[in-house]
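Dear colleague,

Please find below the structure that I am handing over to you, together with its sequence. My findings follow directly after it.

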Amino acid sequence: PPPTTMPRVRFEVKCGDTRPGETLAVVGNADALGAWDAARAVPLATTPDAFPLWSCDVDVGAADGALEFKFVKKMGDDVSWESFEQNRSVAVGEHGDAVLVDAAEFNTNSTSAQPQPAAAAAAA
């Protein structure tokens with residue numbers, strides 16, 4: 001069988017209402033996303049220039065079917081999940097080995113995925 005690719009996924013979400021010391025993280029159905037355990041969620045980062053855009057890059061492993069996830073706000077052991085009922089979902093396997101997931105705004109269930117340009121993937 002052909003080798004399994006390990007898609008690298010860049011998650012991006014806007015969240016301008018974090019408090020000092022509060023971070024965003026992504027958690028989901030893949031082991032690389034903590035397997036729905038918020039304690040193992042992958043932290044996102046921002047900078048003064050990028051804020052309110054938060055992002056992170058994750059090697060999600062073999063991508064069979066949909067990658068389901070949500071963002072959480074974390075302050076120490078305190079975790080606040082996105083409040084909508086459904087999980088966010090993208091089919092990362094359809095977009096090659098570097099995928100950009102644009103999740104729009106925190107607490108807004110709007111998600112899109114597209115191939116990430118090679119230059120941006122290499123720079124990450």
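The secondary structure of the protein consists of 1 helix and 9 strands, where helices (H or I, at least four residues) and strands (E, at least two) are DSSP runs numbered from the N terminus. Read from the N terminus, the order of the elements is β-β-β-β-β-β-β-β-β-α.

The model is a predicted one, in which local features need a pLDDT of at least 70 and side-chain atom pairs count only at pLDDT 80 or more, whereas totals for chains, interfaces and linings use all residues. Residues are numbered from 1 along each chain as its sequence is written, and side-chain values use heavy atoms, with hydrogens and water left out.

Confidence. The pLDDT, which is the predictor's confidence in each residue from 0 to 100, averages 85 over the protein, and 85% of the residues score at least 70.

Surface and contacts. The accessible surface of the protein is about 6,600 Å², and carbon and sulfur atoms account for 51% of that surface; the areas come from the Shrake-Rupley method with a 1.4 Å probe, and for residues only the protein chains shown count as cover. Of the 124 residues, 38% count as buried (buried means under 20% relative accessible area, exposed over 50%, and partly exposed in between, with a 1.4 Å probe and protein chains only). Of the contacts (heavy atoms within 4.5 Å) between residues at least 6 apart in sequence, 58% join residues at least 24 apart.

Salt bridges. How many salt bridges does a search of the whole structure find? The search returns 6 of them, a salt bridge being a side-chain nitrogen of Lys or Arg within 4 Å of a carboxyl oxygen of Asp or Glu. As background, side chains of opposite charge can pair when their charged atoms come close.

- Arg10 and Asp57 meet through their side chains in a salt bridge, at 3.0 Å from N to O. Arg10 lies in strand E1 (residues 8-14) and Asp57 in strand E4, so this pair ties together parts that are 47 residues apart in sequence. Arg10 is buried, at 17% relative accessible area, while Asp57 is partly exposed, at 23%.
- Arg19 forms a salt bridge with Glu22, and their closest N and O atoms are 3.5 Å apart. Arg19 is partly exposed, with a relative accessible area of 46%, whereas Glu22 is buried, with 10%.
- Asp31 and Arg40 are joined by a salt bridge of 2.8 Å, N to O.

Gly61. This residue is in the loop between strand E4 (53-59) and strand E5 (67-75). Is Gly61 buried or exposed? Gly61 is buried, with a relative accessible area of 12%. The C-alpha atom of Gly61 is separated by 8.3 Å from that of Asp31, although the two residues are 30 apart along the chain.

Cysteines. The search of the whole structure finds 0 disulfides, a disulfide being a pair of cysteine sulfur atoms within 2.5 Å. Cys15 is buried, at 2% relative accessible area, and Cys56 also counts as buried, at 8%.

With kind regards
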